[in-house]
Amino acid sequence: ESGESRENLGDFSGAGIDEIEGPIPFVDFAESVSRHRFLSGFGKNPDGGHLLGDAVMTGTILVGGADNPDIEEILFPDTCPLETDPESILEAVGRILADEKRFTEITSQAKELAPPHLSFEAVNARLGEWIIELRG
């Protein structure tokens, strides 16, 4: 699945993109991600949703997320729009790379907006609402 998504974006060989394949210890993963500006969410992540939290935690911008589209768009609207158009997303990435101030604004805003959506308290509240709805 993820290979098919990348093919739609073109050839990135030689573009300084590291692809992590297979499971690795989380500490190694987080260190690798934190050395980069962007974390690709194109394709399906077997750990559904973890990339969003990883991006926020490491000060990285998620690009093309597909696991939690509503929240991903709130935290990273330029690079995770609900209507995914790869060309537009790549253009946004280019603009962000050229503007250090914009990069800092996006990562700071994501860290500020994340707790009401991603914290244990937020998830617990949503689960409580869901259970109440099920009980009708």
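Visitor: Which residue does Glu 105 form a salt bridge with?

Guide: Glu 105 pairs with Arg 102, the closest N and O atoms being 3.5 Å apart, where a salt bridge is a side-chain nitrogen of Lys or Arg within 4 Å of a carboxyl oxygen of Asp or Glu. This is a predicted model, in which local features need pLDDT of at least 70, side-chain atom pairs count only at pLDDT 80 or more, and totals for chains, interfaces and linings use all residues. Residues are numbered from 1 along each chain as its sequence is written, and side-chain values use heavy atoms, with hydrogens and water left out.

Visitor: And which residues are linked in a network of salt bridges?

Guide: Asp 78, Arg 102 and Glu 105 are linked in this way, and between Arg 102 and Asp 78 the closest N and O atoms are 2.6 Å apart.

Visitor: What about Arg 37, which partner does that one have in a salt bridge?

Guide: Arg 37 forms a salt bridge with Glu 100, with the closest N and O atoms 2.9 Å apart.

Visitor: Switching to the largest nonpolar core, which members touch the most others?

Guide: Of its 22 residues, those are Leu 39, Ile 61, Leu 62, Leu 75 and Phe 76; such a core is a set of buried Ala, Val, Leu, Ile, Met, Phe, Trp, Tyr and Cys residues joined through side-chain atoms within 4.5 Å, and buried means under 20% relative accessible area (1.4 Å probe, protein chains only).

Visitor: What does Leu 75 touch?

Guide: Leaving out residues up to four places away in sequence, Leu 75 touches Leu 52, Val 56, Ala 110, Leu 113, Ala 114 and Leu 118, a contact being heavy atoms within 4.5 Å.

Technical notes: Buried means under 20% relative accessible area, exposed over 50%, partly exposed in between (1.4 Å probe, protein chains only).
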